[in-house]
Amino acid sequence: MSDVEDVRVGARAKSVHALVMRARAIMLEPSCARKAKMTAMTKRWWSSLGTRETAIDDDSMGDADVRGAFRGLESRAECASVVEEPARDAFAGGVVDPSKTRRLGNGGTDASRTAILHSLASIESWAMILAWDCIQRFGEQRAMPVGFYDDFVDLASDEGRHFELLAKRLEERGLERYGELEAHDGLWRTARETAHSLEARLVVEHCVHEARGLDVLPTTIMKFRRNGDEPSATLLENVVYPEEITHCASGLRWFKYLHARDGGGDATEEYSESSSAVSAFHEIVRSHFRGALKPPFNDEARAKAGFTPVWYEPLAVKPFVVDKA
Ligand SMILES: [Fe+2]
Ligand SMILES: [Fe+2]
């Protein structure tokens, strides 16, 4: 590592607690739009640490409506410990149980395409919250290295940007704003179930849910393209899809890291079906994810994220259940 890079890593290491406090302030901000702006500010601040730009007060650089959002953070008691539940504005469309959402349709009508975009925007907003939750809940508790924070700040910033771009697309399509239609909080519900374990959070959210996103996104892109909404198709294809691959890769990278550091694994091991990391991964999915993984899998995108089939194919088979009747 060069001296300059050493200084930069050192500056970020010294600022981990300040980053965790910011993550909590973002969790506690009710508006998703403001959460996304605070996320972008934090990404700028984190990336500038150890450089000459650090001298610039990031509060003076942020968007007008979030300027000062992080001022006096050290004395905010609610940011001193883990935020268990994020704040979210109640919105017009209402938050519904994931099993009770209306069908989005196949993109053949204007209303269906708008409903799909709204649902995607909602998922992105939750994904942004989940990235901050990972930092504020587990980062210091598990003594994670600077690279972990780098990856999750990037992840939060990508998801916040995806949310903003999709919300803008909704407005261009005539919706007054994100939040007018119903949305579900399924991602957060599953996150609650992995609040006790960083390994389980990484596996379930990033290696199961986000990888599933890679499987279905090409079909969603096609729905928009086939029905003449090229701007939405292009946004999903050129921005969201490639960045989601990096998120799955981060989940897998840090799961492997923790398994080698704390789980008795070996960082140099070959990841075959019988290796301890892959077995531990399968065990986590089987105990925290109901049912089998749904094929067909997008093997190409998964491979780009480092997922060879040994990680997921054995999980596609339903476990054998003895019929007691
Ligand atoms: Fe995303
Ligand atoms: Fe993502």
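**Notebook: the two iron sites**

I looked up the two metals first: the iron ion (ligand 2) and the iron ion (ligand 1) lie 3.7 Å apart, and Glu159 coordinates both. I counted as donors the N, O and S atoms within 2.8 Å of the metal (3.2 Å for Na, K and Ca); water is not among the atoms, so sites may look incomplete.

I note that this is a predicted model, in which local features need pLDDT of at least 70, side-chain atom pairs count only at pLDDT 80 or more, and totals for chains, interfaces and linings use all residues. Residues are numbered from 1 along each chain as its sequence is written, chains are lettered from A and ligands numbered from 1 in the order in which they are written, and side-chain values use heavy atoms, with hydrogens and water left out.

**Iron ion (ligand 2)**

I found Glu159 (OE), Glu210 (OE), Glu244 (OE) and His247 (ND1) coordinating this ion at 1.8 to 2.2 Å. I took helices as DSSP runs (H or I, at least four residues), numbered from the N terminus. Both Glu159 and Glu210 are buried, that is, under 20% relative accessible area (1.4 Å probe, protein chains only).

His162 lies in helix 5 (residues 146–172) and Glu244 in helix 8 (residues 230–262), so the pair ties together parts that are 82 residues apart in sequence. I found His162 and Glu244 buried.

Note on methods. Helix = DSSP H or I, 4+ residues; strand = E, 2+ residues; numbered from the N terminus. Buried < 20%, exposed > 50% of the residue type's maximum accessible area, 1.4 Å probe, protein only.
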